[in-house]
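I opened my notebook for this one and jotted down what I looked up, entry by entry. Have the viewer open and follow along.

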Amino acid sequence: MNGEIMKLQMKGFLLGLCLLCMAASFPAFARPTNFQEINESKVKRFLNGASVGIETVLELMGFGYQYDEDGLESTSIEDLVNKNHDNENATTIQVAVLGLGRTGTTSLALAMEMLGYTVIHDDEHVELTDIYTAEENGDITYDEFHEIAGRRGYNVTFKSGTNWVARHPEVKAILTVRDSAEAYAASWEKAAVFHSYLNLRPYRWMPLVQELMPSFDAEYLNEPTSGDPENYLDKETLCRGYESHISSVKEKIPEERLLVFNVKQGWEPLCRFLNKPVPEGVPFPYVHDRVKLQGEMFVIYLVTWIWPLAILLPLMLLNFILCQFSFFRSWNVYLVQNSWNTFLSYLSTKSVERKKSKVS
């Protein structure tokens with residue numbers, strides 16, 4: 001019996017060590033550093049996606065973000081508005097990208113940075129949580145949101161609404177598109193499950209997720225479906241939503257300040273629209289393809305299964321250490337048996353819930 005318990009302790013200890021090594025082996029980058037990821041093998045792209053997944057999980061847990069439990073109540077709106085007022089990099093929003101997700105927006109974000117712009121894309125969402133929350137709560141207006149973002153040094157946004165862009169003739173608009181509505185729907189449904197995962201444990205308990213959920217609802221449920229959130233994973237709904245979105249943007253934004261852009265077109269039309277020189281000898285970025293996205297979603301979903309190990313592994317490690325002392329041995333046997341049985345019971349329940357959801 002003691003031999004089996006010792007084997008179980010060693011497995012738990014080694015599993016925890018492997019998970020720590022896995023997290024440490026994937027360096028986290030704000031955005032891809034290889035601008036031609038499509039040339040890498042599928043295995044490497046999947047692992048790069050897993051690295052992004054680890055980074056995303058850490059960000060959702062609040063690492064790298066100074067979360068204030070009291071929210072905006074502890075920060076006056078005046079202080080929020082005046083923050084970075086004297087920033088030497090202060091600017092204004094000059095370009096708004098109005099394409100839906102999975103239409104080449106990450107590749108375009110890299111291209112815009114290569115042209116000298118500072119963008120608000122997915123990675124900046126967490127950094128600007130304070131003003132996102134303030135705008136959603138009605139503490140600042142949508143115009144003030146963009147003014148504050150500009151004072152913080154951002155001049156390109158991927159997160160602005162079409163109506164706001166239409167009211168501001170000084171802002172150029174780029175509408176990213178795919179080859180077809182069907183191509184968009186096939187790609188987007190792989191990313192849209194992210195919203196489903198955020199409603200599972202442990203994500204739904206995380207303060208930062210709760211704070212960002214209204215903007216996630218808009219991005220994942222409403223915009224791609226043209227207001228039909230119940231069917232946000234339905235291909236036909238996504239195709240209609242994609243076509244409706246394109247029509248709406250073209251209708252509201254004058255043709256002279258709108259670029260309809262497929263990233264396959266490369267630098268020429270983009271640089272001509274922005275009055276920028278074409279980077280010499282630099283291929284247009286091509287990143288975050290479907291294989292990489294699958295790696296990212298795999299890690300994010302995996303956490304919904306293994307999160308109890310965050311509690312159990314430290315207990316098993318403590319148990320392994322204390323087991324070296326005979327005084328604690330009988331107590332350790334009880335601890336490891338009950339801890340492991342609890343985890344196995346959780347996995348069994350999780351599996352049953354998954355089967356029921358598939359049937360329904």
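**Entry 1: Asp122 and its partner.** I began with the accessibility of Asp122, which comes out at 40% and counts as partly exposed. One caution for my own notes: this is a predicted model. Next I asked which residue Asp122 forms a salt bridge with. The partner is Lys159, and the closest N and O atoms are 2.9 Å apart. Asp122 sits in helix α5 (residues 122–127), while Lys159 lies in the loop between β3 (156–157) and α8 (162–167), so the bridge ties together parts that are 37 residues apart in sequence. Lys159 has 18% relative accessibility, and since buried means under 20%, Lys159 counts as buried. I also noted that Glu219 joins Asp122 and Lys159 in a network of salt bridges.

**Entry 2: the other salt bridges.** How many salt bridges does a search of the whole structure find? I got nine. A reminder to myself: side chains of opposite charge can pair when their charged atoms come close.

I picked out Arg151 and Glu147, whose closest N and O atoms are 2.9 Å apart. These two are four residues apart in helix α7 (residues 142–151), so about one helical turn separates them. Are the two partners buried or exposed? Arg151 is buried at 8% relative accessible area, and Glu147 is partly exposed at 46%.

Then I looked at Glu189 and Lys235, which meet in a salt bridge at 3.6 Å, N to O. This pair links distant parts of the chain, with Glu189 in helix α9 (residues 181–198) and Lys235 in helix α11 (residues 235–252), 46 residues apart. Lys235 has 46% relative accessibility and counts as partly exposed.

**Entry 3: cysteines.** I checked for disulfides and the count came to zero.

**Entry 4: helix α9.** Glu189 had brought me to α9, so I stayed there. The helix has 18 residues and reaches 26 Å from its first C-alpha to its last, close to the 26 Å expected at 1.5 Å a residue. Where does α9 bend? I found a bend of about 35° at Glu189. The buried residues of α9 include Tyr184, Trp188, Phe194, His195, Tyr197 and Leu198. I traced what the buried residues of α9 pack against, and found α2 (42–60), α10 (207–222), α11 and α13 (290–306).

**Entry 5: nonpolar cores.** Which residues have the most contacts inside the largest nonpolar core? They are Val165, Phe194, Leu198 and Tyr203, in a core of 46 residues. At least two residues of this core come from each of α2, α8, β4 (172–176), α9, α10, α11 and α13. The element that gives the most is α9, with nine residues.

I zoomed in on Tyr203 and left out residues up to four places away in sequence. Tyr203 then touches Val57, Leu60, Tyr197, Leu198, Val209, Val299, Ile300, Val303 and Thr304.

Key:
Residues numbered from 1 in each chain as written. Predicted model: local features only at pLDDT ≥ 70, side-chain atom pairs only at ≥ 80, totals over all residues. Heavy atoms only, no water. Salt bridge = Lys/Arg side-chain N within 4 Å of Asp/Glu carboxyl O. Buried < 20%, exposed > 50% of the residue type's maximum accessible area, 1.4 Å probe, protein only. Disulfide = S-S within 2.5 Å. Expected span 1.5 Å × (residues − 1). Bend = angle between axes of the 7 residues up to and from the residue. Contact = heavy atoms within 4.5 Å. Core = buried A, V, L, I, M, F, W, Y, C linked by side-chain atoms within 4.5 Å.
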